[in-house]
Amino acid sequence: MAKVLVFVEQRDGKLKKASFELLGASAAAGNETHAVIIGENVSGLANECAQNGANKVHVIQDAALKNYTGEAYSRALTAAIKSISPEIVLASHTPMGKELLPIVAAHVDGALATDCTSLQFEGGKLQLKRPIYSGKAIADVEFCGTSLQMATIRQNAIGLPKADASKTADATTITVDLSGLKTKILEVVKGNSARPDVTEAPIVVSGGRSLKAAENFKILEDLADSMGAAVGASRAAVDAGYRPHRDQVGQTGKVVSPSLYIACGISGAIQHLAGMRTSKVIVAINTDPQAPIFQIADYAIVGDLFQVVPALTNEVKHLKE
Ligand SMILES: Cc1cc2nc3c(=O)[nH]c(=O)nc-3n(C[C@H](O)[C@H](O)[C@H](O)COP(=O)(O)OP(=O)(O)OC[C@H]3O[C@@H](n4cnc5c(N)ncnc54)[C@H](O)[C@@H]3O)c2cc1C
């Protein structure tokens with residue numbers, strides 16, 4: 001059993017489900033599981049942490065923590081670590097988590113492994129797996145020495161715990177000195193898409209260069225909307241201006257691990273696979289039976305996406321009726 005601190009991420013007063021995966025995994029291993037929530041007026045979120053596995057919830061709230069900055073949040077998380085003295089610190093490998101934990105690791109002289117796809121707790125020690133060489137190999141990671149063990153875990157890699165709605169948190173407040181901060185967010189400009197982000201959605205429908213035009217992505221959007229999925233894209237599609245860069249999946253885009261990934265007219269270049277090969281189920285639609293994507297696909301559909309995708313959308317709608 002170990003003392004584990006989970007950085008529970010919130011945006012606009014909503015907790016990220018990926019953080020619950022970490023609370024659940026720690027609690028299931030019998031650890032003393034602490035959650036820390038950082039933000040402005042976030043104490044109302046404490047119960048949700050308890051319901052998803054936290055034994056103890058800590059809150060750090062301040063107007064200066066309304067929007068994330070690495071500078072302010074790293075001060076806050078460092079203060080939490082000093083106050084709680086955990087043996088292990090976990091965060092999700094989100095854009096926030098993957099920036100925050102390296103800064104904090106430097107502050108506390110911790111040992112850090114990032115972008116892990118599995119974790120286990122063995123005699124107080126973390127055992128991690130992390131893809132290397134663009135996902136071509138998996139490294140088993142254990143920390144030597146006595147430094148604080150820290151890790152970021154890929155979203156959707158573990159699965160959500162079963163929440164217990166009857167639980168409430170006995171939250172404590174940690175104070176942190178935020179004077180003299182050098183960075184301040186002046187404005188947050190949000191994207192106008194109502195669809196989920198590719199890193200968070202349980203299903204991702206992605207398209208490649210073969211879509212031939214931005215407007216042709218409408219057929220992927222229809223399929224995605226019928227399933228509550230996000231729309232992703234290969235770099236070739238992004239470079240051609242069919243989709244914004246925030247939708248790009250791959251080595252120089254986002255890394256996703258959804259339950260279902262549907263690759264439409266994507267060849268399966270190594271740089272694309274680096275961003276999606278840990279998806280639970282992969283469906284590939286391609287006219288070329290030799291396309292590399294078929295080597296990692298669970299379901300291979302050899303055919304023209306312009307025929308297959310609308311047929312799939314109709315079938316999903318039909319099943320839902
Ligand atoms: C440093 C570096 C970083 C990179 N980072 C990324 C990254 O993050 N993400 C990424 O995706 N790529 C990345 N790339 C680019 C990558 O190497 C590939 O060029 C790119 O993934 C190809 O995109 P694509 O599969 O859409 O296009 P293509 O390789 O052109 O493949 C198109 C596929 O569509 C099929 N097709 C054609 N018409 C149809 C149809 N009507 N129906 C069904 N199938 C059809 C074809 O058979 C083909 O397999 C990177 C490259 C480099 C060098």
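**Reading the terms**

Tutor: This is a predicted model. Start with two strands: β13 (residues 203-207) and β14 run parallel and are joined by 4 bridges.

Student: What makes β13 and β14 a pair?
Tutor: Pairing needs at least two bridges. Here there are 4, so the strands pair.

Student: Why is the crossover from β13 to β14 called right-handed?
Tutor: The chain goes from β13 through helix α5 (residues 218-227) to β14. Point the strands away from you; a clockwise path counts as right-handed. This β-α-β crossover is right-handed, so its path runs clockwise.

Student: Which way do the residues of β14 point?
Tutor: Ala230 and Gly232 point one way, Val231 and Ala233 the other, and all are buried. Buried takes 20 or more other C-beta atoms within 10 Å, so each of these residues meets that cut-off.

Student: What makes Cys49 part of a nonpolar core?
Tutor: Core members are buried and joined through C-beta atoms within 7 Å. Cys49 touches Val8, Leu23, Ala35, Ile37, Ala54, Val57 and Ala169, leaving aside residues up to four places away in sequence. Cys49 is among those with the most contacts inside the largest core, which has 54 residues. A second, separate core has 37 residues, including Leu220 and Ile285.

Terms used:
Residues are numbered from 1 along each chain as its sequence is written. This is a predicted model: local features need pLDDT of at least 70, side-chain atom pairs count only at pLDDT 80 or more; totals for chains, interfaces and linings use all residues. A residue is buried if 20 or more other C-beta atoms lie within 10 Å of its own, exposed if 12 or fewer, and partly exposed in between; C-beta atoms are placed from the backbone. Two residues are in contact if their C-beta atoms, placed from the backbone, lie within 7 Å.
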